[in-house]
Amino acid sequence: MSDTDDIRAKSFQGNVFLWLAVRHFLSASYLRELCAAAVVFGSGGVVSLDDLFDSVETTGPDPLRSWALRPNAVDGELDTRLQDFVRAIVWQGDSSRSTHDIKVDTAAADRLRDLWWAVDVGRFDLASVDQTPREGAPPEPVSCLLRAMRALAASEDLTRFIKTDPEFQLLAAISFPLNAILTKHLGDLCVDADEWVAASALYREAADMLGAMSEPGWDELTNALAAIVKQSQAMVLRQLDGPQSALGVLSQLQTGDLSTNALAQINSATDLNRAAWEARTAKFYSDRRTAIVATPQLGSVQRHLGHAYQQLSDLRFTDASRWFWAGLRRQTALGSYTESLMAKAEFGRALIEQFNDGRAQRPPRDSFWLGVRLMIEGGNARSAELASWSDDAVRTHVDLPMIRRAIDHSKRSPAVIAERSSVVIELFREWLLRLPRTRTDEAREMLGCLADFAGAHNKPGGHDKNLMSKSQKALKEVAKTKPDFRGLVAERLADLALARVQEGYSFMASEVLSVALEYAESLEDGRLRRLIDGMLTQAEALDPDKRESQHINRILVLVEGSAARRLRKGDPKLDERVTAFELGVAVARQTEPRNVFFLLTQLPDQLIKANVDAGFIETLVDQTRKRAGQINSSDAHDSIAALLSAPGISGDAGVRDALQALKRILETAVEGDPALSFGPSYEVLLMLADDHQEVGKEITDPGFAENNLIEEIWSLLLRVWGAAVETPEMFNGFMLPPPTDPNPVYVHNWAFASARLGKRLGREVEMLAALEQAGTNAKLTSQIAVGRRIAMLPTVLASVEKREVESEGADAFYAMLGHRLVLMAAADPAERGEALGVLLDGCIRVGPNGMDAAIFTAALEASLRLPSSASQIAIYEQRLEAEKSLRLTLGPLFYAVAKTEQR
């Protein structure tokens, strides 16, 4: 053994407990020497590391060396326990073993316990310094470290702690370089606690120790430590002052070559790349990160957080957390900022996962906040999104203190507020989606925070824009999923949108308005009127050529919403203003002729003159008549509908052109080559069938000038359904390649419109016969049945005939069931009982469906027997058992009705 080897051996043997506590700072070479010292201590000097293991160490720069060791065959409990101890150190997974009731003498048991105490303390953070992981007291050097950690956790004056704390002074007086490593370790614990200013002071103290002291035999370690401390200081600068401040320090670590500066160059490169990108120092970056081939032929080598992920995938949450913490502690010790953030995010997710798995032992309540805290510090919103948040975990752990704690924690480090806030936004989105609707205080707090982000001003760098977008997306999702929460933030969002309009932020006002629209139905009338007036005032001031914007589209959605329409109905002046605005937009865009025709019928002449140029209407009618005749244009049906929607504007010639175009479209379908506009032209049939439309009123007038055309259209419509038996694929829009099956939506809508028109003309018998014939094609059966049933809704219960119900499939039966229930409620008891039996039989035949509950309840009240056969009832029961979503809710009602049958 050389003199320098002897110096290190004495240090490792004399301070074996403290070295074990900070073992994660050591390279493979130094870790081997520490393990040798631990074996000598644990065995009382009678066993060496070579007695326990066959080992080999590679050569090269110290940070790149590796050490492989294989246990020898040994006899005796002590040797086996020491082998287990060494392997736990080498595996670096924070493993711990009980030393209770081991079969060795008392002195050996005490030595093993002291060694494990040192290992345990090495994985403590500032929040766990009062833990007692094993029996007995820790050895004095470890107790000293624990007392220093407690003092640090309680300290409010770091300068005073460093200069006067007696426990820290004892640690600082330990031989070099262990004193510097212990100081660096305390700084790392501050980083873990998100106390970056305190960490900076301790890193500076460690750097001073490394600069002022030297000791033979430690050159490789002290050089590595100096680089590690410098990278950790860069990590602090990045966290507190932003990426630009860290660039200089990180760049210094990239000097030299791998043979002399391997550790610094390898570890700092990722952080340098990230800082350069975040600081936007250049358009292009040269990626000079070192690639490492780490023992590629050894399949057992675990890299990065592989063990942690494996344990997590196996639902072994405690083991996963241990491995994550071991990896995070090493990354923090090395000053690896980027890697440590990734580890924190994943560690936090692992902690949350254990709250959502029923097989896991119930974790401590504080672990939930720890998981949330680590995800926030990790700054990766994806981790919060991927976490498995259960309703029970959110209900139990998410309260006002938790919410406010999360918000406050995101603001602790100014340079990373954006990254942390993105996590908070995702956390709140996940929590709101699972929060019980009765928890309005918590919901209001989270929605208010999201609203603040949604309406925030955009700042250079794009971070706030990203937060704005994420929060707006979250608010929209919550509005759709949790409508009960809308009223908690609706006024705030409306005020934010108005504020942005008043400040001149058109784009931002539009984006906030897009969110406010989702909540507008919950606004009080006065607030809604104020929002509409503010948005109209801004929009009316825009030049006509700017009325194509998405912002205008959103204002149109606002003023056409159900709440706004209710408001307009009671306020004629507001209605006129909105209609004039809509007309102005439609005219400026010169699109959607149907909308323009409709709006022209809603305004008095003076408002039309104020919004429409002279000659515009004549030109509009001429252009619309021309487009209506272009039946192979996909929007021809819109032009036809526009002409028919306002006969007073389009004139007799316009109405005639529209009906002629519809006739030609139907002819193409009968001929087997439907025009492109055929598919959506059912909308025109619905206009003709609607007695609230002016043209719908005229077609039943014997004096209507175009009655001959109506008769031709009717005849062609019957022939369309005849042709559909052979060519059902006609019910489609334009597609390549041409579809071979009909579009079910088009089939349903054409059947509905045809039946409605037949009813309007008093010729429903003809149309129902045509539809029934078309329904013999299996591709049309279901949708025709639903469409014609809804179109021909009965007005008396007597129409619930057993033969008709038995012919219905599930779609048609349940489409009609709600209406039949309404009729049944108004019928006399005898008629109601007969119909109920028919409907109950239908439920058993085509169910289960959630609507069966209404029929089952009515059957129980009437003590009605099941009319279905035993085999049908058994089949229904089997189908119900297979439907997990219905089994618990519908099952009790079904079995109660079945029991009535048995009685």
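Helix α39 passes α41 in a right-handed crossing. This comes from a predicted model, and the two helices, α39 (residues 744-761) and α41 (residues 781-791), pack at an angle of about 35° with their axes 7 Å apart. On the α39 side, the contact is built from P744, V747, H748, A751, F752, A755, R756 and K759. Facing them on α41 are Q783, I784, V786, G787, R788, I790 and A791. Sorted by class, that makes 9 nonpolar, 3 polar and 3 charged residues in the contact of α39 with α41.

Next up is the pairing of α38 (residues 707-724) with α40 (residues 764-774), whose axes come within 8 Å and cross at roughly 20°. Angles under 35 degrees count as roughly parallel, so α38 and α40 are roughly parallel to each other. Here α38 brings in W714, L717, L718 and W721, while α40 supplies E766, M767, A770, L771 and A774. The tally for the contact of α38 with α40 is 8 nonpolar residues, no polar ones and 1 charged.

Elsewhere in the chain, I417 sits in helix α22, which spans residues 417-434. With a relative accessibility of 32%, I417 counts as partly exposed, because that class covers whatever lies between buried, under 20%, and exposed, over 50%. Leaving aside residues up to four places away in sequence, I417 touches S410 and K411. As for G570, its C-alpha atom is separated from that of I417 by 47 Å, the two residues being 153 apart along the chain.

Conventions
Residues are numbered from 1 along each chain as its sequence is written. This is a predicted model: local features need pLDDT of at least 70, side-chain atom pairs count only at pLDDT 80 or more; totals for chains, interfaces and linings use all residues. Side-chain values use heavy atoms; hydrogens and water are left out. Helices (H or I, at least four residues) and strands (E, at least two) are DSSP runs, numbered from the N terminus. Buried means under 20% relative accessible area, exposed over 50%, partly exposed in between (1.4 Å probe, protein chains only). Contact means heavy atoms within 4.5 Å. Axes are lines fitted to C-alpha atoms, for helices over the stretch in contact, and angles run from 0 to 180 degrees between N-to-C directions. Angles under 35 degrees count as roughly parallel, over 145 as roughly antiparallel, 65 to 115 as roughly perpendicular and the rest as oblique. Ala, Val, Leu, Ile, Met, Phe, Trp, Tyr, Cys and Pro count as nonpolar, Asp, Glu, Lys and Arg as charged, and the others, Gly among them, as polar. A crossing is left-handed if the near helix is turned anticlockwise from the far one by less than a right angle, and right-handed if clockwise.
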